Amino acid sequence: MISIGKREIGRHTRPFIIAEMSGNHNHSLDRALALVELAAEAGVDALKLQTYTADTITLDVHTNEFFISDEDSLWKGQSLHKLYQQAYTPWEWHEAIFNRAKELGLIAFSSPFDETAVDFLETLDVPAYKIASFENVDIPLIKKVARTGKPMIISTGMASAAELDEAVRAAREEGNNQIILLKCTSTYPATPENSNLATIPHMRDLFSVEMGLSDHTMGVGVSVAAVTLGATVIEKHFTTSREEGGVDAAFSMEPSELKMLVEETKRAWQSIGEVKYGPTEAELKSCNDRRSLYVGEDMKAGDIFTRENLRDVRPGLGLPTKYYDLLIGKTIKSDVKKGTPLSWELVL
């Protein structure tokens, strides 16, 4: 079992829901603080930031591979450096955002993208760290985070099983076994068809870790499905309104959707239960609504049961219907009225 702050994470409790702010603050601290309040109102457990600057994550180059030319990209036509200048959360905002989150009962932490970000976040005493999907092959960063001794959430993204094994081993070699892997599809937005949630239970068994989902699909359906497959953590990007724009707004949840995510993933978790056959306690009364055998006409002692006077009907207080053919042709022992549930005492 893993705990982040005072919140236990595991299959024994409802999913741990992380609201990812990313760059959807649109470089307004007031908007960032408003997003914190919306996340708290939606009922999530945690708020997550991303900690980097354009210069700590890429080079100030605007040509070739540093320029986004992919026709399908949300960020086509920008250089990486320019994109990250728009998307980053100023480091001087972190403390104010974290403090507001704590005031509202949220657990606040971040994804560091280099070792200087880890050092900075340690000064704020964050309770956990997230390794982004593109950074899960950055072994020095993983080791640096692992040495803090705090829980680590690692998005799997494009990583192969071998690469994930290297990441998990690197953390464990530093003495950190508080690892949660998040199945993640690193396309923005992702599609349900590309989500491959069947990997979640397989990955849990393969690495002996808690599992979750970093979900870039639209809606809540994929997250709900992930919970039924054993996901104990769900992470989703969120914003005030997709129409207002922002670097990640196109695939981010709006407040009403975020609230729905909290509610529906909890319902999904509640529904898993245990392997069980037969009626639950709540169903016992419903057993009376099954079909059973009843006397269908007034009968006198010695009368013969026929297909006209022996009926297979609701409710279920008579003999089971499986005895219908056995009883046809048998005699009744006493006078009975129409509507009497059949019992062995009336026959034997």
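About 40 Å³ of space lies in the second largest cavity of this predicted model, and a search of the whole structure finds 2 cavities of 30 Å³ or more. The model is a prediction in which local features need pLDDT of at least 70 and side-chain atom pairs count only at pLDDT 80 or more, while totals for chains, interfaces and linings use all residues. Residues are numbered from 1 along each chain as its sequence is written, and side-chain values use heavy atoms, with hydrogens and water left out.

**Cavities**

- On a 1 Å grid over the protein atoms alone, a cavity is a set of points where a 1.4 Å probe fits but cannot get out, a pocket is an open set with protein on both sides within 12 Å along at least five of seven lines, and lining residues have an atom within 4 Å of a point.
- Grid points are joined across faces, edges and corners, and each volume is the space filled by probe spheres set on the points.
- The second largest cavity is lined by Thr217, Met218, Gly219, Lys236, Arg242, Phe251, Ser252, Met253 and Glu257, a lining that divides into 3 nonpolar, 3 polar and 3 charged residues (Ala, Val, Leu, Ile, Met, Phe, Trp, Tyr, Cys and Pro count as nonpolar, Asp, Glu, Lys and Arg as charged, and the others, Gly among them, as polar).
- The largest cavity has a volume of about 50 Å³, and the residues that line it are Lys183, Cys184, Thr185, Ala190, Ser195, Leu213, Ser214, Asp215, His216, Thr217 and Val222.
- By class, the lining of the largest cavity holds 4 nonpolar, 5 polar and 2 charged residues.
- Strand S8 (179-184) and strand S9 (210-215) each supply at least two residues of the lining of the largest cavity, with S9 giving the most, 3 residues; helices (H or I, at least four residues) and strands (E, at least two) are DSSP runs, numbered from the N terminus.

- The largest pocket holds about 850 Å³ of space, and of the 38 residues that line it, Trp75, Tyr84, Phe113, Phe134 and Tyr188 are the closest to its centre.
- Strand S4, helix H2 (54-57), helix H3 (80-87) and strand S10 (233-237) each supply at least two residues of the lining of the largest pocket, and H3 gives the most, with 4 residues.
- The lining of the largest pocket divides into 16 nonpolar, 12 polar and 10 charged residues.
- The second largest pocket contains about 170 Å³ of space and is lined by 14 residues, of which Arg11, Val227, Leu229, Gly230 and Ile272 lie nearest its centre.
- Two or more residues of the lining of the second largest pocket come from each of helix H8 (199-207), helix H9 (221-228) and helix H10 (255-272).
- The lining of the second largest pocket is made up of 7 nonpolar, 5 polar and 2 charged residues.

**Lys48 in strand S4**

- Lys48 lies in strand S4 (residues 46-51) and counts as buried because its relative accessibility is 1%, where buried means under 20% relative accessible area, exposed over 50%, and partly exposed in between (1.4 Å probe, protein chains only).
- The side chain of Lys48 makes polar contacts with the side chain of Glu20 at 2.3 Å and with the side chain of Ser111 at 2.7 Å; a polar contact is a pair of N or O atoms within 3.5 Å, and within protein one must be able to donate a hydrogen and the other to accept it, while residues adjacent in sequence count only if both atoms are side-chain atoms.
- Leaving aside neighbours within four places in sequence, Lys48 is in contact (heavy atoms within 4.5 Å) with residues including Ile18, Met21, Phe109, Lys130 and Glu235.

**Ser79 between helices**

- Ser79 is found in the loop between H2 and H3, and at 3% relative accessibility Ser79 counts as buried.
- The side chain of Ser79 makes a polar contact with the side chain of His62 at 2.8 Å, and, apart from neighbours within four places in sequence, Ser79 is in contact with Val61, His62, Phe66 and Phe67.
- Ser79 and Val61 are 18 residues apart in sequence and 7.4 Å apart in space, C-alpha to C-alpha.

**Helix H6 and the cysteines**

- In helix H6 (residues 139-146), the residues Leu141, Ile142, Lys144, Val145 and Ala146 are buried, and the buried residues of H6 pack against strand S5 (107-112), helix H5 (115-123), strand S6 (129-131), strand S7 (152-155) and helix H7 (161-173).
- The structure holds 0 disulfides, a disulfide being a pair of cysteine sulfur atoms within 2.5 Å.
- Cys184 is buried, with a relative accessible area of 2%, whereas Cys287 is partly exposed, with a relative accessible area of 24%.
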